[in-house]
Amino acid sequence: MLTNDEFGLFRNLIYAESGIYLKDTRKDYLENRLVKRMRDIGIASPYWYYKYVIQRKKTELLILLDLLTVNETSFFRNKPQMDLFVKVILPELVRRKRPDGQKKLMIWSAGCSTGEEPYSIAMAVLETVPWNAGWEVRVFGSDLSLSALEVAAKGEYSGEKIIGAADEHYLERYFEKKGDKYRVKDVVRKMVVFDLHNLKTDVGLRNLDVIFCRNVMIYFDAEEQRRLVRKFYESLEPGGYLLLGHAESLHGMNTGLRFVYSKNATAYKKAEKAGER
Ligand SMILES: C[S@@+](CC[C@H](N)C(=O)[O-])C[C@H]1O[C@@H](n2cnc3c(N)ncnc32)[C@H](O)[C@@H]1O
């Protein structure tokens, strides 16, 4: 049984190390997750497990955080926003970069879970960017859940994860059948790089054209959300875009990013030139 004091200790530790804030209503959730882990390693009390985590921050902390993350995701999640990305954002970036002869796009899926999001982004890019003109596109997928990243790197999914989520066209073009699974084809996999990255403690990437950070900030409190958005602002190139989940917004935050709304989809854009909004 997790006491209120023990819950407080874990809550503070988890917040400090990941930005994930467990509200009081999440006490049972935490307890359920801890019980299984404690049983596996033969520790009887939550307090002793807490001490165990503190002593093994490099290894056990990652396991604890992995137990707590919610990894729900799907291919082509939030279709209106994927349409905005394909029909508005990508063509604009391609148009803007072409005159400079700068044919490189850098996209980050921050909190990519089991990989469906970065692979969907890569497929959308493959459909949109004029490849014969020599473009180079990198999609970075990062998460703090090692078990989710293992699934992502494998790139094999059950039929129910794909059929219905990806259009028939994408299914035929970018997946191959492997036993009872569907494997993402190499042409897509080659574009995506996965890495362990903690949005709370690790330094952000740089020179990004688009950041997808969808359905991640909902687990953070307001202060941590503000800090993360400041970090994303620094990571974006001028004219770059930030795409959040449909329940997330920067409303009321002074971010320097402009709200973009089109056909039921939202995004945030960094000014192309200093002083411009
Ligand atoms: C609900 S999933 C969202 C997946 C995908 N972005 C989507 O919208 O379908 C949230 C992901 O955020 C990750 N996450 C939570 N806190 C994180 C942190 N501090 N650093 C990196 N990833 C984090 C979780 O591990 C989880 O995989």
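Colleague: Which pocket does the space taken by the ligand correspond to?

Modeller: Bear in mind that this is a predicted model. A molecule counts as sitting in a pocket if more than half of its atoms lie within 2 Å of the pocket's grid points. The space the ligand takes up here is the largest pocket.

Colleague: How much of the ligand's accessible area does the protein cover?

Modeller: A backbone N or O atom of Ser18 sits 2.8 Å from a nitrogen atom of the ligand, and for a backbone N or O atom of Leu144 the distance to a ligand nitrogen is 3.4 Å. Asn198 uses its side chain, with an N or O atom 3.1 Å from a nitrogen of the ligand. On its own the ligand has 610 Å² of accessible area, and the protein covers 99%.

Colleague: Switching to Arg33: is this residue buried, partly exposed or exposed?

Modeller: Arg33 belongs to helix H2, which spans residues 27-41. Its relative accessible area is 32%. Buried needs under 20% and exposed over 50%, so Arg33 is partly exposed.

Colleague: And how far apart are the C-alpha atoms of Arg33 and Glu234?

Modeller: Along the chain, Arg33 and Glu234 are 201 residues apart.

How values were computed:
Residues are numbered from 1 along each chain as its sequence is written. This is a predicted model: local features need pLDDT of at least 70, side-chain atom pairs count only at pLDDT 80 or more; totals for chains, interfaces and linings use all residues. Side-chain values use heavy atoms; hydrogens and water are left out. A polar contact is a pair of N or O atoms within 3.5 Å; within protein, one must be able to donate a hydrogen and the other to accept it, and residues adjacent in sequence count only if both atoms are side-chain atoms. Accessible areas come from the Shrake-Rupley method with a 1.4 Å probe; for residues, only the protein chains shown count as cover. On a 1 Å grid over the protein atoms alone, a cavity is a set of points where a 1.4 Å probe fits but cannot get out, and a pocket is an open set with protein on both sides within 12 Å along at least five of seven lines; lining residues have an atom within 4 Å of a point. Helices (H or I, at least four residues) and strands (E, at least two) are DSSP runs, numbered from the N terminus. Buried means under 20% relative accessible area, exposed over 50%, partly exposed in between (1.4 Å probe, protein chains only).
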